[in-house]
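Please read them with the coordinates open beside you.

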Amino acid sequence: MTRSARASATRAARDAVPFLVITAVWIVVMLVVYALFLLSKPADVAYSPAIHASVFVPPLVGFVGHTVHEIRQG
């Protein structure tokens with residue numbers, strides 16, 4: 001590998017680390033929100049799949065927004 005190719009690969013890996021960390025944080029946030037949703041649900045209530053899916057929408061909007069922001073900066 002030439003010096004410039006190695007430098008480019010190193011730079012790309014270094015630039016990807018913050019994005020990967022933020023992705024991991026968003027996944028944890030989504031799982032925590034869903035866990036809180038399940039823990040606070042009354043035992044005699046059955047939610048439809050749409051209600052369960054709606055728990056993931058707010059964190060997903062933030063994740064998609066961050067992804068678009070990173071693509072525009074890149």
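1. E70 is partly exposed, because its relative accessible area is 29%, a value that lies between the 20% under which a residue counts as buried and the 50% over which a residue counts as exposed. The residue is found in helix α3, and although E70 and F19 are 51 residues apart along the chain, their C-alpha atoms are separated by 7.9 Å.

2. This is a predicted model, and its confidence deserves a word before the details are taken further. The mean pLDDT of the chain is 82, with 97% of the residues reaching 70 or more. Helix α3, which covers residues 57–73, has the lowest confidence in the chain at a mean of 80, whereas helix α2, covering residues 49–54, has the highest at 83.

3. On the overall architecture, the chain has three helices and zero strands, and from the N terminus on its elements run α-α-α. The radius of gyration of the chain is 19 Å, well over the 11 Å that the globule rule gives for 74 residues, and the chain is therefore more spread out than a compact globule. Along its principal axes the C-alpha trace spans about 65 × 20 × 15 Å.

4. How much of the chain counts as buried? Of its 74 residues, 8% fall into that class. The chain exposes about 5700 Å², and 72% of this area is supplied by carbon and sulfur atoms.

5. Helix α1 comprises residues 3–40, and V21 is found in it. With a relative accessible area of 48%, V21 is partly exposed, and together with V17, V25, V29 and V33 it forms a nonpolar patch on the surface, the five having about 350 Å² of accessible area together.

6. A12 is also found in helix α1, and at 46% relative accessibility it counts as partly exposed. A12 and L39 are 27 residues apart in sequence, and their C-alpha atoms are 41 Å apart in space.

7. The structure holds two aromatic pairs. In one of them, the rings of Y34 and F37 have their centres 6.0 Å apart and their planes at 25°, so the pair is stacked, given that planes under 30 degrees apart count as stacked. Y34 and F37 are three residues apart in helix α1, which means that about one helical turn separates them. Y34, F37 and Y47 form one aromatic cluster.

8. Are Y34 and F37 buried or exposed, or does either fall in between? Y34 is partly exposed, because its relative accessible area is 21%, whereas F37 is buried, with a relative accessible area of 16%. The two values lie on opposite sides of the 20% cut-off under which a residue counts as buried, so the class assigned to each residue follows from that cut-off.

9. F37 has its place in helix α1, and one further distance involves this residue. F37 and V55 are 18 residues apart in sequence, while their C-alpha atoms are 7.5 Å apart in space.

Definitions and conventions: Residues numbered from 1 in each chain as written. Predicted model: local features only at pLDDT ≥ 70, side-chain atom pairs only at ≥ 80, totals over all residues. Heavy atoms only, no water. Patch = residues over 30% accessible without salt bridge, like charges linked within 9 Å, V, L, I, M, F, W, Y side chains within 5 Å. Areas by Shrake-Rupley, 256 points an atom, 1.4 Å probe, with all protein chains shown as cover. Salt bridge = Lys/Arg side-chain N within 4 Å of Asp/Glu carboxyl O. Helix = DSSP H or I, 4+ residues; strand = E, 2+ residues; numbered from the N terminus. Buried < 20%, exposed > 50% of the residue type's maximum accessible area, 1.4 Å probe, protein only. Phe/Tyr/Trp six-rings, centres within 6.5 Å; stacked < 30°, edge-to-face > 60°. pLDDT = per-residue confidence, 0-100. Rg over C-alpha atoms; globule rule 2.2 N^0.38 Å.
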